[in-house]
Amino acid sequence: MFTVNHFIWLAICAVAIGGLLFCSLKFKWSLKTSTFVVAGISLASELCKIFTHIDFVNGVDWAKGGVISPGALPFHLCSILIFIWFFVALAKPSKLTQILLDFATPVAIIGGILALFIPTSGVDFAKPYAYQCFVYHSGIVWYAAYLLATKQVKLTLKVYLRDLGILFALCILMIWINGALKEYNTNFFYVVRPPMSGLPFLTLKYGWYVYFIHLSCAAVLLFTIVSLPNMIQERIEKRAK
């Protein structure tokens, strides 16, 4: 974290995000086109993850075949967005697609930026895990920025409260999934333990319950920060009317 390699990755990601945002705004990409682009980035990333996380079925050799490592399943907060990208890309615009985009936007901004600054997959240029992590999260940060810049989503108070409700429901679901897969040491949504050791606020030093409260407070705070500008604008517009 914050090594020379990490700073190089951050610079590459900044250029990639800026370049995609410039092109999508300059050439006025449609929502469909932009969604297919982020879906393509997600597919390439997921295929890379799948084929680099194949384990022995019997834990010894290939005699019984191979299976994806449970920890590589797409159940992290950023990973589940893959399903949203493909659904929005293939489905007709509807209230459901808008709800999904409203939820995915703050998740992509928060989760994507945090993943770039806290690279749990490492920063080694010789490892495919690093490419999968940085490329995918750069893609979703760009897409979220595109949605906000083109006003495809408006993070109003109603959307903010609904997003927190969806996030809480998913969090409970991941507690169950992590429990079912505990022998594989999964940590989806980081509800089991912090994403990295040595983090100042997210720590198990005071026990799991305190950690979970800290994690929940951090999530609410970050969602509030991302949604606040739109909520303030909404308030101003209502007063003007």
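Predicted model: local features only at pLDDT ≥ 70, side-chain atom pairs only at ≥ 80, totals over all residues.
Residues are numbered from 1 along each chain as its sequence is written, and side-chain values use heavy atoms, with hydrogens and water left out.

Helix α6 covers residues 157-180 and helix α7 residues 208-240; helices are DSSP runs (H or I, at least four residues), numbered from the N terminus. Their axes come within 9 Å and cross at roughly 160 degrees. Here an axis is a line fitted to C-alpha atoms over the stretch in contact, and angles run from 0 to 180 degrees between N-to-C directions. The crossing of α6 past α7 is right-handed, that is, the near helix is turned clockwise from the far one by less than a right angle.

On the α6 side, the contact (heavy atoms within 4.5 Å) is made by L157, Y160, D163, L164, L167, C171 and I175. From α7 come F212, A219, V220, F223, T224, S227, M231 and E234. These residues divide into 11 nonpolar, 2 polar and 2 charged; Ala, Val, Leu, Ile, Met, Phe, Trp, Tyr, Cys and Pro count as nonpolar, Asp, Glu, Lys and Arg as charged, and the others, Gly among them, as polar.

Two loops deserve attention next. K151, in the loop between α5 (128-149) and α6, has a positive phi near 55 degrees although K151 is not a glycine. F189 is buried (under 20%), with a relative accessible area of 9%.

Notes
Buried < 20%, exposed > 50% of the residue type's maximum accessible area, 1.4 Å probe, protein only.
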